[in-house]
Amino acid sequence: MKEIKINTKSRNYPVLVGTDILNEKNLNEFSNKEILLVVDSKIEDSIKKEVQIILSNISSKYSEVIIEANEENKSNATLSVIYDELIEQGFSRDCILFALGGGIVCDMTGFAAATYLRGVDFVLIPSTLLSQVDASVGGKTAINHPKGKNMIGAFHQPSKVLTDTKLLKSLEKVQIREGLAEIIKHALIKDKTFFKWLEENIEDLLEGNDVKLLQAISKSIEIKAEVVSQDETEQGIRKWLNFGHTFGHAIEVYGNYKKFSHGEAVAMGMVMATNLSQKILNLEKVEKDKIKHLVQSILTEELLKTEFHPKNLIKLMSADKKKKGDNLNFILLSSIGEAQILSDIEESDIIESIKLT
């Protein structure tokens with residue numbers, strides 16, 4: 001087991017990374033607390049039961065809420081279900097919320113914790129590769145609004161994160177691809193050596209190789225931890241973590257949150273951001289080709305054939321929360337491992353970059 005420390009102005013906390021680390025020993029600091037477990041309905045019964053037993057054993061009061069996790073349910077209505085349980089069961093400020101699930105459950109549980117009684121503690125047990133390297137680190141919590149993804153939220157750091165690779169055993173290949181999109185992103189913005197390692201090991205990672213996935217997860221979290229520790233509330237370099245996301249979030253809305261998953265949309269967005277990087281920052285063609293080859297390897301042939309109406313996509317980007325005034329912020333690459341924040345980019349250049357080949 002590896003412990004990665006996240007240090008921010010508001011809170012320092014550990015992320016435990018390993019296999020089969022869900023046990024009372026790693027959660028005993030929460031003994032005698034009021035505990036509410038928010039769990040994704042898709043979690044395997046054996047895992048759910050294991051966590052239920054641990055938490056009910058250590059808690060002074062225990063309850064749970066089961067959520068059908070999808071983008072449509074990442075809403076105020078579902079959030080109210082969590083609040084209702086907390087209020088009806090009389091949970092105090094000393095309570096702690098646990099999230100067992102993917103990014104949607106992690107985000108919603110964190111936001112409920114940030115806002116219930118003006119803020120209570122929470123612990124994350126991310127169950128997907130994507131959530132283990134993304135939603136579980138950094139304290140971004142949110143729900144969606146009909147007019148935009150993650151538009152209502154707060155920065156609220158967890159007390160602890162348990163990243164157990166045992167939870168990845170039941171993932172389908174599409175879910176592994178989703179997580180790899182974020183892992184590749186972390187390499188692109190900060191670590192050229194890690195990018196080269198990903199190039200060399202991508203096939204094993206796609207096949208779910210336990211040892212290599214554990215290496216990739218740990219390195220990815222370390223990169224994100226370094227960025228978040230320097231810039232907790234996204235005033236500067238934390239914006240680098242949005243590489244591919246200005247396009248990606250618009251792609252998600254373009255597909256009504258149904259046609260493309262978050263990871264698929266971000267991967268496609270990274271291809272477009274790479275195209276724009278060559279146009280605006282003169283990213284070398286050899287590097288552009290390497291990036292696109294790696295990202296395209298985690299996308300299906302069907303996705304790579306997707307064509308977008310550029311004007312419609314740009315309109316959706318304009319509703320994104322990453323704007324600076326009326327200008328869109330883009331994270332672009334001058335080189336692999338070297339990111340920059342740019343705005344005031346000509347629409348014609350953006351339109352030219354909206355392609356997946």
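**Note on the predicted fold**

1. In this predicted model, 7 strands build an open sheet of mixed pairing, in the order β1-β2-β9-β6-β5-β3-β4. Two strands count as paired if DSSP finds at least two bridges between them. Strands (E, at least two residues) and helices (H or I, at least four) are DSSP runs, numbered from the N terminus. β1 (2-7) and β4 (61-67) are the edge strands; each has a single partner, so one side of each lacks a neighbour in the sheet. From one strand to the next, the twist averages 15 degrees.

2. Some conventions apply throughout. Residues are numbered from 1 along each chain as its sequence is written, and side-chain values use heavy atoms, with hydrogens and water left out. As the model is predicted, local features need pLDDT of at least 70 and side-chain atom pairs count only at pLDDT 80 or more, whereas totals for chains, interfaces and linings use all residues.

3. Within the sheet, β6 (residues 121-126) and β9 (residues 160-164) pair in the parallel sense, over 2 bridges. Leu-124 stands opposite Val-161 in β9.

4. Helix α7 (residues 210-230) packs on the sheet and touches β1, β2 (12-18) and β9; contact means heavy atoms within 4.5 Å. The direction of α7 makes about 15 degrees with that of β1. Axes are lines fitted to C-alpha atoms, for helices over the stretch in contact, and angles run from 0 to 180 degrees between N-to-C directions. Helix α1 (residues 45-58) also packs on the sheet, where it touches β3 (34-40), β4, β5 (96-101) and β6. Its direction makes about 170 degrees with that of β3.

5. The chain as a whole holds 13 helices and 13 strands. The C-alpha trace spans about 60 × 40 × 40 Å along its principal axes. Among contacts with a separation of 6 or more, 76% join residues 24 or more positions apart.

6. Of the 357 residues, 58% count as buried. Buried means under 20% relative accessible area, exposed over 50%, and partly exposed in between (1.4 Å probe, protein chains only).

7. The largest nonpolar core has 100 residues, and Leu-97 and Met-317 have the most contacts inside it. Such a core is a set of buried Ala, Val, Leu, Ile, Met, Phe, Trp, Tyr and Cys residues joined through side-chain atoms within 4.5 Å. Helix α9 (residues 262-281) supplies the largest share of this core, 10 residues. Leu-97 touches, among others, Leu-36, Ile-82, Phe-122 and Val-123. Another core, of 21 residues, lies apart from the largest one and includes Leu-27, Ile-35, Phe-98 and Leu-100.

8. Helix α8 (residues 245-254) is mostly covered, with 8 of its 10 residues buried. Among these are His-245, Phe-247, His-249 and Glu-252. Asn-256, which follows α8, has a positive phi near 55 degrees.

9. Two loop residues also deserve attention. Asp-20, in the loop between β2 and β3, has a positive phi of about 60 degrees although it is not a glycine; at 47% relative accessibility, Asp-20 counts as partly exposed. Asn-282, in the loop between α9 and α10 (285-296), has a positive phi near 55 degrees and is exposed, with a relative accessible area of 62%.

Notes: Lists of a residue's contacts leave out its neighbours within four places in sequence.
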